[in-house]
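Reader: I have a new structure open and would like to walk through it. Can we take it piece by piece?

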Amino acid sequence: MFKALRNGLLASIAAALVCTGMATTVNALTLTGAGSTFDNPIFTKWFYVYQQQHPNVQINYQSIGSGGGIEQITQGTVDFGASDGPMTNGQIKRFEKKRGCYILHLPVVIGGEVPIFNIPGVKTSLKFTGKVLANIYLGKITHWNNPEITRLNPGVNLPDADIVVVHRADGSGTTYCFTNYLSVVSPQWAKQVGYATSVNWPVGLGGKGSEGVTGIVQQTPDSIGYDELNYAIVNHITYGYVADKDGKFLHANLATVTKDAAKKAKHMPKDFRVSIVNASGPDCYPISTFSWMLVPTVWHDAAKEKAMVKFLHWMLTKGQKMNASLYYAPLPKNVREMELNAIKRIHVAQ
Amino acid sequence: MNPKTTVTVTTEPGGGNPTRFSSGRLHLGDRLLKSITWLSAASIIIITIWIAWQLFVFSAPSRHKFGWHFLLTKTWNPVSEHFGALPFIYGTIVTSVFALVIAIPLGVGAAIFLVEMAPRKVSGFLAFLIELLAAVPSVIYGLLGIFLLIPILRSAVVPALKHTLGFLPIFKGPFYGVSVFSAGIVLAIMIVPFIVSVTREVLLAVPREQREASLALGATHWETVWKVAIPIARRGIFGAGFLALARALGETMAVTMVIGNDPTIRASLFSPGYSIAAAIANEFTEAIGRMYIGALIELGLVLFGVTFIINGVARLLIFSTGGNGYES
Amino acid sequence: MNLNILAAVATGSPSGFAALWPTALVVVLAGLAIWALRLIPKTRLLRKIVNYTIFAAAGACFAIVLGALVIILGYLLWKGAHSLNWDFFTKIPVPPGMHGGGVANALVGSGELLLMATALGVPIGFLGAIYLAEYGGKKFPFLVRYATDLLNGVPSIVVGIFAYTVVVVPMKHFSALAGGVALGIMMIPIALRTTEEFLRSVPNSLREASLALGASKWRTTVTVVIPAAIHGIVGGIMLDLARVAGETAPLLFTSFGNEFWSHSITRPTAAVPLVIFEYATGPYADWHRQAWAAGFVLLISILIVNIIARSIMHLRYRPA
């Protein structure tokens, strides 16, 4: 009995080693990327389709979060990063010091963020202003029937109940964009909390990931949270209207998000690091953000560099056509052209 | 040779002195085995020290900036880079203690059932089933916590508690589902199998003569268990408790999904909280900058330190009651 | 009570600690009450009642614990079983929104990781246990056992961070190797404890008989003692494996995950617990289905390994 077991074990180990050995002889070039969970659906689609068209290139992307993307690209453990919040000047300096080259921020998609809520008996989409959202998240507005909210929503029967505030527990670009918006519309928020992928929230429960936030909101009466637009659409979650800079209440959708991006993109800085929240102009949905791919300018592996540049070209031309199917807004034309130009800076180290 | 040869477990391992032969080849084989095995054993010590060392080194930025205040500060602010571990330490301790308070009576009770009441044939099988609870991955516990446990707590358990014991500060306040309470219960279910399994083993090891003597003297079955069997088994049960505690302290995934992830200290068990392991899991991949990462690693160091102390206490307890250093 | 007011109180004063004194008071009073119970005279009838009540309570405890297991397994089965199809086991993931696809690369990845973990962790634990059981001593074994307990108690996420700093950072990328190292470290303590326990259970008479026949110590150990204990050791290692198979946290910053097949151990690889975590906390209903299914598969595999391990352990050497 013992002999049989031993032989069986040895045989399976041998088989496993052979398989691994065989696998290593397959000639696939792999690029690794890490970062934003927001981009995960579109990246997964792009990389899958790209691999079908170019079988010897595999791009492995893991959504560990925007901050993770920035950290890992700085450490050099991945080939590219992805983030919904641009790197700060300090973070860029740190990157340049550690890696000895410049980092490109290449916008890949535009997304929007929406306030989601769960109030028993309220089926209509509520209207919010930026100031109201900030005050809710600051803990200054504590009940649903607070005059500031009822004033915006006449005719809706808001209960006299505590607002259960929900936010992201893990660091995230979604948080970055949301807190960025709150900082812009509320000076108190800017002073007290600020904006980043992870902040010291004054009040609220922390959900893990967008799913965590949505899960808690859906399960908890009288709660409010924030989510990515495409996430809310895919999962049929009721979300509220947000007032734009001119005071008009907008429901986030691809059109309004694109308009906001296009407006701000007219003055796109050369390094593409721009916040596009709260653009002034008709139908510009205020809580919108670019999402960037973080690509170093200098590469040490010629084959990888070539594959990366080729993919970026594909992404900016063919890839963009897939955005709408997953409820991401495509990049405005002038941005795409600027990027195609910027990619030329990527080269192999001499 | 050794007069204790008839006992299967002796304090003199290996049956006494090695090599009596002066042949060079045999010496070599023996020396080789001894060296290789000694090296392996030593490497365990080295790895443990190395882990502590790595944690110590990588947490340097945070340690230098905050010193011991790290353990007493309540703020956790990644934007201004002010970090303090107190809310996490509090959450970790409260959830773990709460889990133990539930799991120990439950586990000991179940073990007593298995040993004293269940028919011999099924007892082993049932014990095996319970040990399967320990095999369920943490992530699954987290999911079940969100989708199964929390709705039940919200609709039935918490209202009942509030009705009866609602005057206590630990049961005051609104219950939003994700909370220290929920995390404690999930942890309790996760650590119960350890307590059941070890308690069962030590109860089974109580000599028959002791039980029979007690029953012969007129004690009821329960009195025998309580006054005779359990005191003999007490050391093992303590050990089980510590094992369970160690597991509860380090539990990550299940806790982060149901605890609410709010780094604030509140008296009520129904409020959300945060634990060290949950904080590290949530924020490590996102953390940017040496200070933030250093603070998170310092949290890991704190957890390692707590484990170190608890192991020391457990060993002291076992030594002080006459153990010989070897226990299972 | 308003969360916000609570927050204000909690952050303003020396916090929740101060508010706990009523609770502490109640606990102390309850303890005193229970202690005072022993002052009640113990009639035969009372003792009988207590006997039956307590055992009923013990039965209830058992029912609760077993019930938890039944509910967990049942729920997983209900949610996951109908997601199981041939594709699930043979295909790699497809993008959200597309149907089909599976977790084949995660299954293979997990297998790879566990194989590596066994190769790295088991020898250290096994050989170390041989020293403890066969050579003994006072101080050194004490240190080794303390370190082993400590290692066992280290939270899996801390082991993951350790593997990150020691393997990923120097190598400059994530890899299956790092994941294997992390899991291997977690396997050491139980491998050591199991091996030592079963080696010690081999009667000394066997060792002495072998030595009396002229074998050297190393020969005795390798050809007599270890084979006598091997069933228990192998069984224990399989249980060890089953425990480590479900660990997620150590893999987050080491093996990283992979949407495709991994072609080398120095590259990132998918793993079942990672997939469960990513899909369960993701937005798509399709992902959730797959997460439940993967959870079910994982649990069933661990169950099977447990059963096999226990059968092997029961076959151990019994003296004639």
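Reader: How many residues of chain B are in contact with chain A?

Author: A caution to begin with: this is a predicted model. In it, 23 residues of chain B are in contact with 26 residues of chain A.

Reader: Which elements of chain B supply at least two residues of that side?

Author: They are β1 (76-77), α5 (138-165), α9 (253-258) and α10 (276-283) of chain B.

Reader: And how do the residues on that side of chain B divide into nonpolar, polar and charged?

Author: On the side of chain B that touches chain A, 12 are nonpolar, eight are polar and three are charged.

Reader: What about chain B and chain C, how many residues does that contact take?

Author: That contact takes 91 residues from chain B and 95 from chain C.

Reader: Ok, chain B on its own. How many helices and strands are there?

Author: Chain B has 11 helices and two strands. From the N terminus on, the order is α-α-β-β-α-α-α-α-α-α-α-α-α.

Reader: What percentage of chain B is buried?

Author: Buried residues make up 51% of its 328 residues. As for contacts in chain B with a separation of 6 or more, 74% of them are between residues 24 or more positions apart.

Reader: What domains does chain B have?

Author: The assignment gives domain 1 (18-58) and domain 2 (62-319). The centres of these two domains of chain B, taken over C-alpha atoms, are separated by 36 Å. Their contact takes four residues from domain 1 of chain B and five from domain 2 of chain B. On the domain 1 side, the classes are four nonpolar, no polar and no charged residues.

Reader: Where is the pLDDT of chain B under 50?

Author: One such stretch is residues 1-12 of chain B, for which the model has 16 contacts beyond four places in sequence. Residues 15-22 of chain B are also below 50, and that stretch has 15 contacts beyond near neighbours in sequence. Where pLDDT is low, the predicted coordinates should not be read in detail. Over chain B the mean pLDDT is 82, and 88% of its residues reach 70 or more.

Reader: Switching to chain A. How is chain A divided into domains?

Author: Domain 1 of chain A covers 28-109 + 289-348, and domain 2 covers 112-265. Their C-alpha centres lie 29 Å apart. The contact between them takes 20 residues from domain 1 of chain A and 22 from domain 2 of chain A.

Reader: Which elements give two or more residues to the domain 1 side?

Author: In chain A these are α3 (66-75), β11 (288-296) and α13 (333-342). β11(A) gives the most, with three residues. By class, this side of domain 1 of chain A has nine nonpolar, 10 polar and one charged residues.

Reader: Why is strand β2 of chain A largely enclosed by the rest of the structure?

Author: Six of the six residues of β2 (residues 57-62) of chain A are buried, so the strand is largely enclosed. Val57(A), Ile59(A) and Tyr61(A) point one way from β2(A), while Gln58(A), Asn60(A) and Gln62(A) point the other way.

Reader: What does β2(A) pair with, and in what sense?

Author: Strand β1 (residues 29-35) of chain A pairs with β2(A) in the parallel sense, over six bridges. Within that pair, Leu31(A) stands opposite Ile59(A). The chain crosses from β1(A) to β2(A) through helix α2 (residues 40-53) of chain A, and this β-α-β crossover is right-handed.

Reader: There is also a sheet of three strands. In what order do they run?

Author: The order is β5-β9-β10 in chain A, in an open sheet with mixed pairing. β5 (127-128) and β10 (249-250) of chain A stand at the edges with a single partner strand each, so one side of each has no neighbour in the sheet.

Reader: How many bridges join β5(A) and β9?

Author: Two bridges, and β5(A) and β9 (residues 241-243) of chain A pair in the parallel sense. Phe128(A) stands opposite Val242(A) in β9(A).

Conventions. Residues numbered from 1 in each chain as written. Chains lettered and ligands numbered in written order. Predicted model: local features only at pLDDT ≥ 70, side-chain atom pairs only at ≥ 80, totals over all residues. Contact = placed C-beta atoms within 7 Å. Helix = DSSP H or I, 4+ residues; strand = E, 2+ residues; numbered from the N terminus. Nonpolar A, V, L, I, M, F, W, Y, C, P; charged D, E, K, R; others polar. Buried ≥ 20, exposed ≤ 12 C-beta atoms within 10 Å, placed from the backbone. Pairing = 2+ DSSP bridges. Domains from an automatic or database assignment. pLDDT = per-residue confidence, 0-100. Right-handed = clockwise from strand over helix to strand, strands pointing away.
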